[in-house]
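Here is a friendly walk through one protein chain, meant to be read with the structure open beside it. Turn the view as you go and look up each residue when it is named.

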Amino acid sequence: MDNLSQVLKQHKLTQEDYVKILDILGREPNLVELGIFSAMWSEHCSYKSSKIYLNGFPTRAPWVIQGPGENAGVIDIGGGYGAVFKMESHNHPSFIEPYAGAATGVGGIMRDIFTMGARVVASLNSIRFGDITRRDSIGAKHRYLLRGVVAGIGGYGNCMGVPTIGGEMSFEPSYEGNILVNAFSLGIVKNDAIFYGKASGVGNPVIYVGSKTGRDGLGGAVMSSDSFSEDSKALRPTVQVGDPFTEKLLLEACLELFKADLIVGIQDMGAAGLTSSSFEMAGRSGSGMIMYLDKVPMRESGMTPYELMLSESQERMLICAKKGCEAQIMEIFKKWELDCAIIGEVTNSGKMELFWHNEKCAEIPIAPLSEKAPILKRPVSENPSYLDSIEILDVEKLESKNKNEVFKTLFSSPEVCDKEWVYSQYDCSVQTNTIVPSGAGGASVIRVKENGKGLAMSVACQPRLCYLNPKEGAKQAVAKVGRDIALRSGRALAITDCLNFGSPENPEVMWQFKEACEGIKEACKALNTPVVSGNVSLYNQTNGKDIYPTPSIAAVGVVDNIHSVLHGEFNKEGLEVYLLKSKSIAPNFGASLVAKYFGNSIKSEIAEISLSDELYLWSVLNLANERGILNAAVDVYQGGVAVALAKACVRGNIGCEAVGNLGFKTLFGEAPTQVLVALESKKIGELEAMLGDSNLELIKIARLGGENLALDEITIPLQEAKEMFYGAFEKIIETL
């Protein structure tokens, strides 16, 4: 091959990779074959830098039907039904083209769900940007990116008729060169009607369905496996273009297809397009495959085998059909006005054989492609020093700040204030099953009509905490989403993750990744929440600057009684508010929101979690709500007790008055395993009895009532607080 070194560089392959390719093929590859190896061995598809740290994730439980390794995970939710869910990243594409990148991220994760035979019923998102309050070009750019991402998420989800019912967002300087867009979707499936991505049965036809293939998204998987430099505009052709109306037709056609029992397996054409879908289906079955690429439906003239194999055009599926069912399948897709073409068949050769107008253009052994894929043991820092140059937080100076000023700043900050500007662009009521939507804070809840139960789901990660201590940050992210579900009277059953990190070529980033994985393993084992699906996104780096380690975690849990869902609005005069917390965990300022806005640094001691206390807190919340003890409850998260109490009061349109002097650290410090509960005074004894000799305690904080929020020196009219909370975000987006 001419200019081999240049060709390898363009395909992000090393000389060592090339030697392996020669060994697998027994000859030199042609360009099509090299492109296939490049895509399948990319970081995005092969997890070559991360795989060794993902081993050991707890993935099994009696309620887990399908763990990692398929398009999505599945858990049993009762009554013969399962919840199918997964979260994935679309970070690089969304930074290049925010609307298209976010939209196709949503479309891609939805296809992963309905490929399993499920109807998609809910979506969440986790999105992160630079500082949108800056009055300069960086602030303007990230407000533009935010507008585009939100519009893309809403545009695709709304057209699909799938409610977007919750999410989270954060704003840190580390995301200035590399935003994060993580999309989560969940579907409902009958447990005996789950479909898998396999291609077995010699002679069974391989059928292409959905949209025609174009040149959009060409090389997307390889692009997503590299860092950004100054000029990302040149990467725009690698961003896919989505069409939600076509995807809606594809969803309905696939669900009709599943009912007819006509297929062996089905796979979404996601990252690496036709390459990954065909190799993965054949690889799972230990079979071979022949494909005739000139039969692939194309929307552009002059396309080549290379382009057809690597295009990431959206809204496409690959089906392994039962032989003899071809006509029925084609009739279904014709009815839904979608392309449908027989492009190959299953063989027993163990090879992928590609033909172009009856001439063989590629031949690759399937098993070695994955078995001999590079597994990199990248250097991991033994003594990471990235925090050494950061000054330590001056706690004494921080605690001298005026509490009223601190509260007003935090309460109107983009991290805390209401995001109606965002979630109002998402249809959360379509399908008529949403019980707790966006805007309520914490976990969202939907009704499952099929079995009469509810599903609670939440997504979270605190990047500043993960920056200071990746292992502890990951543990607390797992605990946070489970706590959110417990605060809705549910029990978290499993998680999916989206592990967003900087360049794996940086040993300190690999240390962050290793530590975060250990934190997830430890928390999931202790909390009995296995990992059933997930995604890794590396190379989130621009011009040598890595993002904060951001292991986003989403959890799903069952709510047995949808009529007793616990809410987070404090709205009844005379109720008493107590802080229910671990005795051994005191709030601290490390990574806190108050340190970010008023400190000289976020580097300080952090409050570390006790997972046994966390698990006990979940059971107390569930039992207390079941017995009718609690009127409302809310998590204490960013901003501490002051912010949590104020949000609950503002949402419930009621004032409060603190009991005694709470102190700066109690008001604004942060710690895990803390919730505020509102209840009648006569029920306090019953709640205290539940705690028994556990390591949990109750501390009286406030009494509800009046027209002011009164906490120590903080005194602010309720109406003013409402205006701050509900009006701040739109002012930031629309006026700065």
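This is a predicted model: local features need pLDDT of at least 70, side-chain atom pairs count only at pLDDT 80 or more; totals for chains, interfaces and linings use all residues.

## Salt bridges across the chain

How many salt bridges does a search of the whole structure find? The count is 44.

Start with Glu 70 and Arg 284, whose side chains form a salt bridge with an N to O distance of 3.9 Å. This pair links distant parts of the chain, 214 residues apart: Glu 70 sits in the loop between strand E1 (64-66) and strand E2 (73-78), while Arg 284 belongs to helix H11 (residues 273-285). Are the two partners buried or exposed? Glu 70 has a relative accessible area of 14%, so it counts as buried, the cut-off being under 20%. Arg 284, at 34%, is partly exposed.

Next, find Glu 247 and Arg 111, where the salt bridge spans 2.7 Å from N to O. Glu 247 is in helix H10 (residues 244-259) and Arg 111 is in helix H7 (residues 98-114), so this contact ties together parts that are 136 residues apart in sequence. Glu 247 is buried, because its relative accessible area is 0%. Arg 111 is buried as well, with a relative accessibility of 1%.

Helix H10 also holds a local pair. Lys 248 and Glu 252 both lie in this helix, four residues apart, which is about one turn. Their side chains meet in a salt bridge of 2.9 Å, N to O. Lys 248 is partly exposed at 28% relative accessibility, whereas Glu 252 counts as buried at 15%. Elsewhere, salt bridges with shared partners join Lys 480, Arg 483, Asp 484, Glu 614 and Asp 635 into one network.

## A negative patch on the surface

Which residues make up the patch of negative charge on the surface? They are Glu 391, Asp 394, Glu 396 and Glu 399. Asp 394 is placed in the loop between helix H14 (366-371) and helix H15 (395-399). With a relative accessibility of 37%, Asp 394 counts as partly exposed.

Two pairs of residues show how the chain comes back to itself. Ile 165 is part of strand E5 (residues 164-171), and its relative accessible area of 0% makes it buried. The C-alpha atoms of Ile 165 and Ala 443 are 9.3 Å apart, although 278 residues separate the two along the chain.

For the second pair, go to helix H8 (residues 137-160), where Asn 158 is found. Asn 158 is partly exposed, with a relative accessible area of 30%. From Asn 158 to Pro 244 the C-alpha distance is 8.7 Å, and the two residues are 86 apart in sequence.

## Two residues with positive phi

Most residues other than glycine have a negative phi. With that in mind, which backbone angles deserve a second look? His 357 has a positive phi, near 50°, and is not a glycine. This residue lies in the loop between strand E12 (351-356) and strand E13 (359-365). His 357 counts as exposed, because its relative accessibility is 53% and the cut-off is over 50%.

Ser 489 is another non-glycine residue with positive phi, in this case about 70°. Ser 489 sits in the loop between helix H19 (470-486) and strand E17 (491-500). Is it buried or exposed there? Ser 489 is buried, with a relative accessible area of 13%.

Notes. Residues are numbered from 1 along each chain as its sequence is written. Side-chain values use heavy atoms; hydrogens and water are left out. Patches are made of residues with over 30% relative accessible area and no salt bridge: like charges are joined within 9 Å, nonpolar side chains (Val, Leu, Ile, Met, Phe, Trp, Tyr) within 5 Å. Accessible areas come from the Shrake-Rupley method with a 1.4 Å probe; for residues, only the protein chains shown count as cover. A salt bridge is a side-chain nitrogen of Lys or Arg within 4 Å of a carboxyl oxygen of Asp or Glu. Lys and Arg count as positive and Asp and Glu as negative; His and the chain ends are not counted. The place of a charge is taken as NZ of Lys, CZ of Arg, CG of Asp or CD of Glu. Buried means under 20% relative accessible area, exposed over 50%, partly exposed in between (1.4 Å probe, protein chains only).
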